[in-house]
Amino acid sequence: MAKKEKANEENNLFKKIIAHSKEYGFVYPSSEIYDGLGAVYDYGPYGVELKNNIKRLWWQSMTQLNDNVVGIDASIFMHPTTWKASGHVDSFSDPLIDNKDSKKRYRADVLIEDRAAQLEEEGEKEKADALLKNMGQLLEADNLDGLLELILEEGIVCPVSGTANWTEIRHFNLMFDTQVGSVADEANTLYLRPETAQGIFVNFLNVQKTARMKIPFGIAQVGKAFRNEIVARQFIFRMREFEQMEMQFFVRPGEEMKWYEHWRDTRLNWHKALGIPDENLKLHDHEKLAHYANAALDIEFKFPFGFKEVEGIHSRTDFDLSSHQEFSRKKQQYFDPEVNKNYIPYVVETSVGADRLFLMTLCNAFTEEEVGEGDKKKLRTFLKLNPVIAPVKAAILPLTKKDGLPEKARKIYQELKYDFNLIYEEQQSIGKRYTRQDLIGTPFCVAVDHQTLEDDTVTIRHRDTTNQERVSISALRDKIATAVSPKNIFDKL
Ligand code: GAP
């Protein structure tokens, strides 16, 4: 297939996934009645269930499977000096450029990346690679004038005005700030945290002492983070308000590479265990390391718009704890009885976006299958979600609305609803109800028919194969429980 055709197909697929998310109650644009808010989204009834299941699975994988990992829930607001110490006030920024004619603002590196993608599409891969390399070097040297020259040399124009009438490039800090209390002065400025990790670092000693943790140990957290992203596109891939699931693993200095490799492999396996095919995942080592890291990589997933980061694994050295020690003047040391020494631990971080994981699982699950023959050929769309994270585990469906079938079905629903998230549905034909459950990824449809009244059996229809089997009502609980147990995933780790 020609490159352009393939790109169009991928683009169409992504559009379909976005439309599906909205139509079937997964993700809506925020405040849509006011035309939405850029890069901010709301989760609907099935979206929130799916997202909660993903977060719960991550939490269990971290805290239940590892007896040396415990959790916390730190506040979004933190003392403003935190962000001085972490380096975010001084260097958490993007290089931005404005077009004087359209008044539109862009990330300079993204304009160049888009140009490189265009070159590649035109079959100029070498030129594209050279351009990206050149950009990487200029970014590393913080050479903003050089970046502007590159944009002009490449003839990059604003997609809106079509002109190259650019301003100079400036750094733009990505942190949102707000005022605490009633007096608006700089001393009262607080930031909305741009990463959850710092809430873990400032609680390192609290947790170590109160939970009596011995190195090596980890602290896990799930929570909101905020970034004033300028390039807001690709749906929930890049949001201004999003959720992170981060784990900081504190280790003896010198042992960080061993743990870096351990967590890299563990986390990659986790994604595979969730059902993501090997060929759609890859590791990408960072060439340019952040100021705090001595090794870093991304776990990337093949989204319809290409391989992109889902999770970061970073060896952060002792940068954060040392810096907090310096700024707070409070010792951040650990006494290691095994080596009889005090030291500031090194840290290996695993950091994954809950929303990106959500998008990854949705893209991976979205399936269109041709069914039927001849004139009756049609597309069956369903979400092939792992049952462990599927929003609804089973739908209980009486075949008709009469003959006592609804009463029997409701009884089954009442008995199972304490164990699983279920749907009871009696409107429309059974076929339409199956289709509806396919579209939200429900792994099992339990149909209650006239035979049920005679022998207490029901049919279970399986989402992925549409095969049906007859089972007794008394076996239902076990059957569903086995399929949706997180153990199915944990066993593969
Ligand atoms: N504490 C390290 C850290 O925050 P990061 O690579 O900036 O590292 C980690 O972010 C993860 O958070 C990313 O891999 C991604 O999954 C998620 N993430 C970052 N920015 C995001 C955004 N604007 N929208 C959605 N998810 C984001």
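Predicted model: local features only at pLDDT ≥ 70, side-chain atom pairs only at ≥ 80, totals over all residues.
Residues are numbered from 1 along each chain as its sequence is written, and side-chain values use heavy atoms, with hydrogens and water left out.

**Entry 1: the ligand**

I found 21 residues around the ligand, of which Glu195, Met239, Glu246, Glu309 and Val310 are the closest; a residue is near if one of its heavy atoms lies within 4 Å. By class, I listed 10 charged, six nonpolar and five polar residues in this shell. Here Asp, Glu, Lys and Arg are charged, Ala, Val, Leu, Ile, Met, Phe, Trp, Tyr, Cys and Pro are nonpolar, and the others, Gly among them, are polar.

A polar side-chain atom of Arg316 lies 3.4 Å from a nitrogen atom of the ligand. The protein covers 92% of the 560 Å² of accessible area that the ligand has on its own (Shrake-Rupley method, 1.4 Å probe; for residues, only the protein chains shown count as cover). Strands S10 (241-251), S13 (306-315) and S16 (346-353) are the elements giving two or more residues to the shell; strands (E, at least two residues) and helices (H or I, at least four) are DSSP runs, numbered from the N terminus.

**Entry 2: Glu195**

I located Glu195 in the loop between strand S8 (189-191) and helix H8 (197-201). Glu195 is buried, at 7% relative accessible area (buried is under 20%, exposed over 50%, partly exposed in between; 1.4 Å probe, protein chains only). Its side chain makes a polar contact of 2.7 Å with that of Gln198 and one of 3.5 Å with that of Arg316. A polar contact is a pair of N or O atoms within 3.5 Å; within protein, one must be able to donate a hydrogen and the other to accept it, and residues adjacent in sequence count only if both atoms are side-chain atoms.

**Entry 3: strand S12**

I noted that eight of the nine residues of S12 (295-303) are buried. S12 and S13 pair antiparallel over nine bridges (pairing needs at least two DSSP bridges), with Asp298 opposite Gly312 in S13. A two-residue hairpin joins S12 to S13.
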